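Take a look at the structure below. The text after it goes step by step.

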Amino acid sequence: MNWIQVLLIASVLVLLVYLLRSRGSARSKAWVKVGYVLFVIAGIYAILRPDDTTVVANWLGVDRGTDLLEYVLIIAFAFTTLSTYMRFKDIELKYTRLARAVALQNAQTPEQT
Amino acid sequence: MLRINTSDTHYRDVWVVIPAYREATVIGDVITDVRAVFPHVVCVDDGSDDGTGEAALRAGAHVVTHPVNLGQGAAIQTGVEYARRRPGAAVFATFDADGQHRVADLVTMIARLRTGDADLVVGSRFAGGVATTTPPLKRFVLKTAARLSSRNRSLGLTDAHNGLRVFDRRVADELDITISGMGHASEFIALAHEKHWRTVEVAVDIRYTDYSKAKGQPLLNGVNIVFDTLLRRRTTR
């Protein structure tokens with residue numbers, strides 16, 4: 001086994017522990033965890049047998065496994081960026097409503113009518 | 001100038017919403033002008049740090065202060081929510097704080113609303129008839145934006161972004177602006193379309209003073225507005 005393989009597997013496992021320790025609230029969180037466990041299994045497999053990704057890549061009409069992983073990474077990154085953006089917008093709206101509620105409670109009226 | 005008595009009960013059901021951000025130097029005069037005709041003014045101080053709120057209060061406006069700067073759309077929504085809780089409020093107006101709108105136009109628009117066949121009256125620089133003082137490039141962009149929007153077309157509107165609006169109780173109750181920034185003008189029109197508010201346009205003029213030009217939004221901001229509008233549906237509710 002290469003040193004790089006040891007390092008990669010170790011870091012993936014650390015991430016897994018972090019994720020599983022975080023207490024999610026809803027069922028959607030549970031699915032994220034299941035998905036992540038599957039990802040870790042696939043990840044460790046790919047680290048141990050890097051040539052197998054090339055086989056999968058060839059099935060899909062891509063020359064090298066590295067290229068396939070890069071494409072997947074780009075798509076995943078785009079999805080993450082978008083969902084983060086949506087989430088920010090959502091939080092911004094809640095924050096606006098909170099600030100508005102505070103503002104309305106502290107409204108000042110002029111002296112005379 | 002206008003000679004209408006403040007004690008005239010004719011306008012006691014009108015609430016004028018003025019969103020303001022860092023307008024301390026002009027807000028007092030603007031509010032005094034408006035209050036010469038309309039007794040009820042609510043100024044939403046959008047987290048200014050220059051004493052805009054105090055100046056507005058001294059001029060006799062109700063003042064609602066955002067604890068942080070949220071944007072003009074958010075300020076309008078706050079002002080309308082404040083005004084619609086006031087007893088007897090029946091007619092609502094939005095008016096810019098930088099002094100570019102004319103009170104006389106507001107009077108015309110309210111008269112138009114009171115004819116009863118419209119829920120929302122929007123001011124337009126391009127509604128025809130009025131000798132407009134809009135700079136040529138700005139006029140071209142605004143008119144094109146108005147034409148490109150299918151909602152604007154179906155409502156027969158010619159001005160994409162005009163801060164002068166007059167509306168009735170129904171619109172005030174149903175109003176829910178979620179775009180905090182400058183895209184709210186398009187959102188206003190989108191809401192009018194979705195909620196089937198009867199919308200008409202009245203010709204108004206804009207006074208492009210050096211002050212209002214400096215405060216106004218650069219045309220490039222139009223790009224932001226287009227993006228905000230496209231994303232609105234996906235991010236709300």
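Chain B has a mean pLDDT of 83, and 78% of its residues reach 70 or more. Here pLDDT is the predictor's confidence in each residue, from 0 to 100. For chain A the mean pLDDT is 86, with 92% of residues at 70 or more. Within chain A, confidence is lowest in helix α2 (residues 27-48), at a mean of 82, and highest in helix α4 (residues 65-105), at 92. The complex as a whole gets an ipTM of 0.77 and a pTM of 0.77 from the predictor. Where pLDDT is low, the predicted coordinates should not be read in detail.

This is a predicted model, in which local features need pLDDT of at least 70 and side-chain atom pairs count only at pLDDT 80 or more, while totals for chains, interfaces and linings use all residues. Residues are numbered from 1 along each chain as its sequence is written, and chains are lettered from A and ligands numbered from 1 in the order in which they are written. Helices (H or I, at least four residues) and strands (E, at least two) are DSSP runs, numbered from the N terminus.

Start with the sheet of chain B. It is open and has 7 strands, in the order β3-β2-β1-β4-β6-β5-β7, with mixed pairing. Two strands pair if DSSP finds at least two bridges between them. β3 and β7 (199-203) of chain B stand at the edges with a single partner strand each, so one side of each has no neighbour in the sheet. On average, neighbouring strands of this sheet are turned by 20° against each other, direction ignored. Strand β4 (residues 91-94) of chain B runs antiparallel to strand β6 (residues 165-168) of chain B, and 4 bridges join them. B:Val91 has B:Asp168 in β6(B) as its bridge partner. Helix α1 (residues 24-35) of chain B packs on the sheet and touches β1 (14-20) and β2 (40-45) of chain B. The direction of α1(B) makes about 155° with that of β2(B). Axes are lines fitted to C-alpha atoms, for helices over the stretch in contact, and angles run from 0 to 180 degrees between N-to-C directions.

Now turn to chain A. Helix α3 (residues 50-59) of chain A packs against α4(A) at about 75°, with their axes 7 Å apart. That makes α3(A) roughly perpendicular to α4(A). Angles under 35 degrees count as roughly parallel, over 145 as roughly antiparallel, 65 to 115 as roughly perpendicular and the rest as oblique.

Where do the chains meet? The contact takes 21 residues from chain B and 15 residues from chain A. Two residues are in contact if their C-beta atoms, placed from the backbone, lie within 7 Å. On the side of chain B that touches chain A, α3(B) gives the most, with 5 residues.

The axes of α4(A) and helix α3 (residues 72-84) of chain B come within 10 Å and cross at roughly 45°. That makes α4(A) oblique to α3(B). The contact is made by A:Thr96, A:Arg100, A:Ala103 and A:Leu104 of α4(A) and B:Ala74, B:Gln77, B:Thr78, B:Glu81 and B:Tyr82 of α3(B).
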